[in-house]
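Hello,

Here is the structure for you to look through. My notes on it follow below.

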Amino acid sequence: MRKIYLYFITLKDIGFYRFFLRLRYELRRLLDNFLPKYLFKCFAIRNAKDLKYKKNTMLELSQFNHFFDNVNTKLNKISFKFLNVKDDLELPLKEWNNKSSRLWQFNLHYFDWSKSWLEDILLNKKNIKYAGYLPSLIDDWIDYNPISIGDGWHSYTLSLRIRNWILWFRFFPELATKKRLNSLWIQTCWLYSHPEKCHGGNHWLENIISLIISSLQFNSIKSETIYKNSLINLREELDSQILKDGGHQERSASYH
């Protein structure tokens, strides 16, 4: 009886609506495992028949336009260090999953590590060891992470990677190939259909922000729908998470 009581109190604190959202989220994941993955891809591309990438030269680094054409270094392995753990991964990078630490694996999928490479280019550092391999690494991710398989399709990793790819595509327009833009759009559609609203907090905010930024990269009816709905969600979530005294609803100093 004690356990039943504690379960009841926990569910009461969570709330029926949050519980319903989590149940729907998990059922959607189970359903995805039974549906052919190519159906989602075809649906996303079909909805993007009039999809056009919005070109904008405001952020373009014209002085670095031919950077990737001039990279001649040849490497067999590339090193990544997250959570004070270093690992040398063979190129081409096929093993994105099955790492010893799932959190380390998440960091690999984020592509956050590429920001330091971009900084090295901006500062015109001479010893840019790995930056020239970014196009290949993006293609490797696309080739070896099929839809819904692995942590690369977790909504949180999607949110961070989408923004990091866009950052590179804006600074270096030649990186925005049709293959990569198609993948970016499919990832955006997947994130839109698999939101982490049930988790709330920073996960849900990361989802919304990435959807807003990514939808602004394209020009189509679907991208406009994603943009408008995500703006509504952002307003509602900010009203919910930010209290009248300016603090965060979880009363966490780190969130604040």
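A salt bridge here is a side-chain nitrogen of Lys or Arg within 4 Å of a carboxyl oxygen of Asp or Glu. The model is predicted, so local features need pLDDT of at least 70 and side-chain atom pairs count only at pLDDT 80 or more, while totals for chains, interfaces and linings use all residues. Residues are numbered from 1 along each chain as its sequence is written, and side-chain values use heavy atoms, with hydrogens and water left out.

By the salt-bridge rule the count is six. One of them joins Asp112 to Lys115, with the closest N and O atoms 3.6 Å apart. Asp112 is partly exposed at 31% relative accessibility, and Lys115 is partly exposed at 43%. (Buried means under 20% relative accessible area, exposed over 50%, partly exposed in between, with a 1.4 Å probe and protein chains only.)

Another salt bridge pairs Asp139 with Arg180, at 2.9 Å from N to O. Asp139 is in helix 6 (residues 134-144) and Arg180 in helix 8, so this pair ties together parts 41 residues apart in sequence. Both residues, Asp139 and Arg180, are buried. Helices are DSSP runs of H or I, at least four residues, numbered from the N terminus.

Helix 8 covers residues 178-193 and also holds Ser183. Ser183 is buried, at 8% relative accessible area. Leaving aside residues up to four places away in sequence, Ser183 touches Trp141, Ile142 and Trp165; contact means heavy atoms within 4.5 Å. Ser183 and Ile142 are 41 residues apart in sequence, yet their C-alpha atoms are 6.9 Å apart.

Regards

Terms used. Helix = DSSP H or I, 4+ residues; strand = E, 2+ residues; numbered from the N terminus.
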